[in-house]
Amino acid sequence: MKGTSSIDPASLQMLKVARDGGLETAWDRYLAQQPQCGFGELGLCCRNCNMGPCRIDPFGDGPQKGVCGATGDIIVARNLLRMIAAGAAAHSDHGRDIIETLRGVAAGEIKDYTIKDENKLKALAREFGISTEGETVQTIAEKLAEAALEEFGTRKGYLQAIDRVPPKRKEIWEKLGIMPRGIDREVVEAMHRTHFGVDNDPANLILHGLRCSLSDGWGGSLLATEFSDVLFGTPRPVRGRSNLGVLSKEAVNILVHGHEPILSEMLVEAAKDPGLISAARAKGASGINLVGMCCTGNEILMRHGIPVAGNFLQQELAVITGALEAVVVDVQCIMPALGQLAACYHTKFISTSPKAKFPGAIHIPFDEHNALETAREIIRQAIENYPNRDKNRVFIPEEATAYVAGFSVEAILSALGGTLIPLIEAVKNKKIRGIAALVGCNNPKVTQDYNHVNMAKALIARDVLVVETGCAAIASAKAGLLLPEAAELAGAGLAEVCRALGVPPVLHMGSCVDISRILTVAAALARELGVDIADLPVAGSAPEWMSEKAVSIGAYVVASGIFTVLGTVPPVLGSNVVADLLTKQAKDLVGGYFAVETDPFKAAELIIAHIDEKRAALGI
Ligand code: SF4
Ligand code: MSK
């Protein structure tokens, strides 16, 4: 959909406010960047050493090699591997922080968090070969945290969660030499290989990219999800509201944005403090209104039903409502533009992670050892700021669509009566045609939410059950697709299943790291059927992706055997060799492969054709 910024009415209203007020957003900066660098778009520029920067002429008239002799194929492959490594590092460092917190809780050094899901703790301990018999929860947690931290630099062969993978998949990875070893090791090796004068074979580079991404999907992300559930509770279906209309005209509004639930969980706790609520009232506010954004928003909406103010492209729009007393951030997907924008309002932009500082931000270091007090201090600062709100500049759109989220693997199993068999039966008897995972970001290259919402609608209408995470899931929340009533938009078979189970046709499974939940379900389905993941009628898509994390996600989903459609073009088209590897040869190598389709309706057709092909091969 060309020429329109967003399909979200709340975003469109806020963009008008921005324009009228002369305020700049990502959409304006995107336009100012036009035309974007053609070499960069194709992946054909390299600055991996100081003989460069070098760039390859895609039309064949100018240089075809860098100073060192690197061809376009080598440069594109190296750049892609570095993107995967950055994405895998981001997810995995998030996972490490959660595990470190669990270790601190178990050792009694961190007091403000408790272990909320002991059953999951014990199940994970058993998976790691740790005896739970007669042991205290603390001891189990300590041993489990130590074992999980080992996964980052493991020397024992390969990652523990690989045991969840069906045997046929493991054989493929063994044969190709891409069995993921330690998480840190794969990222470090990716950086080593792409250093000047090391790996210069495009296929070899891409294969390591797959291995590195697998250490994210079945390692760092998976640990982030599982250990978050242990510490903060495994999500169950919960109702809430979504979009900028969740901001309050009367209350102290605090937006938490970023990724790690360590911060957002404690803000949820602190926001309930009666003393702080009284302090807010003493300043003339009706109370404290904590809302989320992006994936940290997903974490707290999945576990507590905390309202989510929007997805990636709405972070600036939330500030422009003029109603935010504080934007509190930790890591990932936070625009550095927020500092300057917040300064146009009374809004305090508060950074909390030593890893992520921003111009114009107030830095309040968040220390897990003093978590609740730090969270209280952040909220106090927001309360103090309430009288500075200029009520004449406040504009809050009305949109606040209801959603049901919280579909962890455990919640799905419980809805199905404890086993995946009813789901398999529904697939076999064609009530459910297949399953599609829609994930990822917004990107101003795409009309906001247009691809997400239209793909989800097109798929459910054809009886494809849609599972979602990240900003894709927030797009569906805002469009009302996460409600059981949305079954009326589904095909007859899917609608019947949804009505029988009381679930929406689009299931919100969590944040970006929670794509590991989708992998876990896919692996369990394949094991139950005695087939490989690649044999299942399932597909993935990142319809509006922008981040390097999404590149790692796409790579591990494909390497796990799942066909994946990208809705924005990755910077690989400068190399026919790399593009061919990813979109064709990957099918023979790992079963999964990529397609690029920017039209959501055509992308849905590709997914349906793939699902039908897999059904036919299974004889169902
Ligand atoms: Fe140029 Fe080669 Fe150096 Fe890259 S590694 S900047 S292509 S000389
Ligand atoms: S927050 S990675 S914009 S999904 Fe996970 Fe959204 Fe993409 Fe960030």
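Me: Is P444 buried or exposed?

Reply: The model considered here is a predicted one. To judge burial, one counts the other C-beta atoms within 10 Å of a residue, and 20 or more make the residue buried. P444 has 20 C-beta neighbours inside 10 Å, so it counts as buried. P444 is placed in the loop between β10 (434-438) and α18 (450-461).

Me: Which residues does P444 touch, not counting those up to four places away in sequence?

Reply: P444 touches A26, W27, Y30 and L313.

Me: Which residues does UniProt list under "binding site"?

Reply: The unreviewed UniProt entry lists C46, C49, C54 and C68. These residues span 23 residues in sequence, yet no two of their C-alpha atoms are more than 10.8 Å apart, so they gather at one spot.

Me: Where do C46 and C49 lie?

Reply: C46 belongs to strand β1 (residues 45-46), while C49 is in the loop between β1 and β2 (54-55). C46 is buried because it has 25 C-beta neighbours inside 10 Å. C49, with 15 other C-beta atoms within 10 Å, is partly exposed. Leaving out residues up to four places away in sequence, C46 touches G52, P53, C54, G66, A70 and I75.

Me: What surrounds ligand 2?

Reply: The shell around ligand 2 has 13 residues, and the closest are C295, C333, C441, G470 and C471. Helices α12 (294-304), α19 (470-478) and α22 (548-559) each supply at least two residues of this shell. By class, eight of its residues are nonpolar, four are polar and one is charged.

Me: How many residues does the largest nonpolar core have?

Reply: This core has 213 residues, and those with the most contacts inside it are I254, L267, V327 and A522. Helix α4 (residues 72-106) gives the largest share of the core, 17 residues. Apart from neighbours within four places in sequence, the contacts of I254 include L267, I288, L290 and I379.

Me: How is the length of helix α6 to be read?

Reply: One compares the span with the value expected at 1.5 Å a residue. Helix α6 (residues 137-150) has 14 residues and reaches 20 Å from its first C-alpha to its last, close to the expected 20 Å. Its buried residues are I140, A141, E142, L144, A145 and A148. What covers them includes α4, α5 (118-127) and α9 (202-232).

Me: Which residues does a cis peptide bond join?

Reply: Most peptide bonds are trans. A cis bond joins Q34 and P35, with omega about -10 degrees, and another joins G52 and P53, with omega about 5 degrees. P35 is found in the loop between α2 (26-32) and α3 (38-42), and P53 in the loop between β1 and β2.

Me: What is the phi of K430 and of D463?

Reply: Most residues other than glycine have a negative phi. K430 has a positive phi of about 70 degrees although it is not a glycine, and D463 likewise has a positive phi of about 70 degrees. K430 is partly exposed, with 13 other C-beta atoms within 10 Å, whereas D463 is buried, with 24.

Note on methods
Residues are numbered from 1 along each chain as its sequence is written. Chains are lettered from A and ligands numbered from 1 in the order in which they are written. This is a predicted model: local features need pLDDT of at least 70, side-chain atom pairs count only at pLDDT 80 or more; totals for chains, interfaces and linings use all residues. UniProt positions are given in the numbering used here, feature names are shortened, and annotations may be inferred rather than shown by experiment. Helices (H or I, at least four residues) and strands (E, at least two) are DSSP runs, numbered from the N terminus. A residue is buried if 20 or more other C-beta atoms lie within 10 Å of its own, exposed if 12 or fewer, and partly exposed in between; C-beta atoms are placed from the backbone. Two residues are in contact if their C-beta atoms, placed from the backbone, lie within 7 Å. A nonpolar core is a set of buried Ala, Val, Leu, Ile, Met, Phe, Trp, Tyr and Cys residues joined through C-beta atoms within 7 Å. The expected span of a helix is 1.5 Å times one less than its number of residues. A residue is near a molecule or strand if its C-beta atom, placed from the backbone, lies within 6 Å of it. Ala, Val, Leu, Ile, Met, Phe, Trp, Tyr, Cys and Pro count as nonpolar, Asp, Glu, Lys and Arg as charged, and the others, Gly among them, as polar.
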